[in-house]
Amino acid sequence: MYENVMKQFNHAADTMNLDKGIRKILASTNSEISVHFPVKMDDGSIEVFNGYRVQHNNALGPYKGGLRFHPAVDIDTARALAIWMTWKTALAGLPFGGGKGGVTIDPKKYSMGELERITRRFTYALGENIGPDVDIPAPDVNTNPQIMAWIADTFSSTKSPSTRMLNLHVVTGKPIGSGGLKGRDRATGYGVVSSIKYWAKLKGVNLQGKTFAVQGFGNVGYWASHFMMELGAKLIAVQDASGTIFNEEGIDAEALHNHVGNHNGVIKGFPDTQKIDNSEFYSINCDILIPAALSNQITIDNAAGVKAMLIAEGANGPIDTEGEKILLERGIDILPDILCNAGGVTGSYYEWLQNKRSENYNIDTVLKMIDEKLGEAFEKTVNSANKYNTDWRTGAYCVALERIQQTYKERGVFP
Ligand code: NAD
């Protein structure tokens with residue numbers, strides 16, 4: 001992942017001739033925090049856990065990015081994801097930098113009580129390295145609104161009681177009752193479809209009746225399917241960790257969502273669909289592909305088989321650089337992750353803002369604001385790609401790098 005993100009950065013930096021000094025700053029991270037903290041287990045024993053927070057760059061504002069609870073979390077993963085966040089927030093025009101982190105655990109192995117104590121003790125260990133104007137975490141893989149509520153409570157409870165309410169926006173993605181944003185749950189999937197709508201307008205494509213396939217039917221995959229179906233597009237294939245299902249006549253995203261809710265979170269066993277081999281997924285005959293699960297899914301091994309005219313990256317880094325070369329040569333359009341899935345962090349920005357201002361946005365306002373921000377980012381991406389005669393991913397990176405470069409040029413480097 002780290003290799004991929006650095007290849008993309010170096011290519012964009014060459015394309016827009018990024019200042020040498022600023023390039024050095026952005027090629028490294030500002031700080032990398034590793035913590036080891038003890039937690040009392042339900043049986044009375046003590047375990048020590050490893051947690052990370054990487055803060056890549058904060059030239060544009062406080063660090064922003066998710067916390068992941070997963071056995072594969074390490075400093076390299078956090079570093080790559082933090083760097084991606086810097087480009088994503090810069091492209092979306094948000095007043096944030098990029099950060100990412102997590103704890104190396106498989107959360108399924110712990111009770112709710114243990115997870116709560118792990119979360120609270122991790123928050124305590126991070127101390128003043130996070131804060132509403134310093135670094136604002138959010139949910140990521142295996143973390144959710146409940147975990148964000150525990151972080152907000154722990155962080156604010158360890159501050160003076162008189163400032164308690166001023167600290168709750170140390171995290172976004174909180175439950176609604178704890179200052180969360182209406183619509184944050186669907187913000188990423190909604191943003192994926194907003195980006196597809198802007199693409200369709202540019203290309204003169206009518207989305208009504210177009211077919212699409214989705215990899216991953218979790219938060220992003222489900223909501224993207226929901227909003228695509230609202231536009232009259234037809235979902236014909238879905239792949240998740242349990243396999244791949246296909247139906248040329250269409251799969252009802254709402255019925256599948258209910259099925260997943262009642263079957264341990266997986267699509268397996270959904271009726272009236274044909275089970276196909278996982279390896280066939282990316283060569284399915286459809287108009288639009290939405291990878292919304294893992295990174296490095298489209299590579300040199302399967303890019304030549306893609307039949308879709310558009311790939312909209314809901315996941316972070318689903319296409320590697322070799323795979324992308326083949327897709328671009330074949331004239332397939334790609335909506336890059338830092339644009340296409342930026343609806344989530346944009347929603348987080350409005351949550352942070354509503355907490356800061358003691359306001360409460362309604363869901364229609366939230367979705368409209370996300371759509372507008374993504375529309376601006378889409379236009380900047382296309383204009384930048386045209387200006388530098390390059391692909392949309394590089395164009396999007398150039399927008400982000402130009403914004404950060406301008407800030408450094410205006411402010412200079414202390415002292
Ligand atoms: P999620 O945990 O809700 O869902 C993940 C889905 O991926 C599940 O359906 C799971 O079965 C599927 N999956 C897991 N392993 C798989 C495999 N080997 N093959 C096929 N499918 C597999 O996660 P999510 O929040 O929907 O996030 C999905 C992707 O989108 C991640 O890359 C994440 O970083 C990215 N993303 C999420 C958000 C957000 O707001 N949730 C924002 C930006 C980017």
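This report describes strand pairing, the ligand site and selected residues in a predicted model.

Strand S3 spans residues 63-69 and is mostly covered, with seven of its seven residues buried. On one side of the pairing list stands strand S5, residues 135-139, which runs parallel to S3 and is joined to it by five bridges. Within that pairing, Gly65 has Pro137 of S5 as its bridge partner. Strand S4, residues 98-103, also runs parallel to S3, and three bridges join the two. Here the bridge partner of Arg68 is Gly102 of S4.

Arg68 belongs to strand S3. Its relative accessible area is 17%, and because buried means under 20%, Arg68 falls in the buried class. The side chain of Arg68 makes a polar contact of 2.4 Å with the side chain of Asp140. Asp140 is placed in the loop between S5 and helix H5, the latter covering residues 145-157. Asp140 has 18% relative accessibility and therefore also counts as buried. A further polar contact, of 3.2 Å, links the side chain of Asp140 to that of Lys100.

Asn142 is a residue other than glycine with a positive phi, near 65°. With a relative accessible area of 41%, Asn142 is partly exposed.

**The hairpin of S1 and S2**

Strand S1, residues 31-40, and strand S2, residues 46-57, run antiparallel and are joined by 10 bridges. One of the pairs in this arrangement is Ser31 with Gln55, the latter in S2. Five residues lie between the strands of this hairpin, and in it Gly44 takes a positive phi near 95°.

**The ligand site**

What surrounds the ligand? The shell consists of 19 residues, and the closest are Thr188, Phe217, Asn219, Val220 and Ala293. By class, seven of the shell residues are nonpolar, nine are polar and three are charged.

| Residue | Protein atom | Distance to a ligand oxygen atom |
|---|---|---|
| Thr188 | polar side-chain atom | 2.7 Å |
| Ala293 | backbone N or O atom | 2.9 Å |
| Gly314 | backbone N or O atom | 3.5 Å |

Taken alone, the ligand exposes 840 Å², and the protein buries 73% of that area. Two elements give two or more residues to the shell around the ligand, namely helix H7 (219-230) and strand S7 (234-240).

**Further residues**

Glu322 is part of helix H9, which covers residues 321-329. Its relative accessibility is 34%, so Glu322 counts as partly exposed. In sequence, Glu322 and Ile300 are 22 residues apart, while their C-alpha atoms are 5.6 Å apart in space.

Asn389 sits in the loop between helix H12 (363-387) and H13. Like Asn142, Asn389 is a residue other than glycine with a positive phi, here near 50°. How accessible is Asn389, buried or exposed? At 73% relative accessibility, Asn389 counts as exposed.

The segment after helix H13 (392-411) contains Pro415. Phe414 and Pro415 are joined by a cis peptide bond, with omega about 5°.

Technical notes: Residues are numbered from 1 along each chain as its sequence is written. This is a predicted model: local features need pLDDT of at least 70, side-chain atom pairs count only at pLDDT 80 or more; totals for chains, interfaces and linings use all residues. Side-chain values use heavy atoms; hydrogens and water are left out. Buried means under 20% relative accessible area, exposed over 50%, partly exposed in between (1.4 Å probe, protein chains only). Helices (H or I, at least four residues) and strands (E, at least two) are DSSP runs, numbered from the N terminus. Two strands pair if DSSP finds at least two bridges between them. A residue is near a molecule or strand if one of its heavy atoms lies within 4 Å of it. A polar contact is a pair of N or O atoms within 3.5 Å; within protein, one must be able to donate a hydrogen and the other to accept it, and residues adjacent in sequence count only if both atoms are side-chain atoms. Accessible areas come from the Shrake-Rupley method with a 1.4 Å probe; for residues, only the protein chains shown count as cover. Ala, Val, Leu, Ile, Met, Phe, Trp, Tyr, Cys and Pro count as nonpolar, Asp, Glu, Lys and Arg as charged, and the others, Gly among them, as polar.
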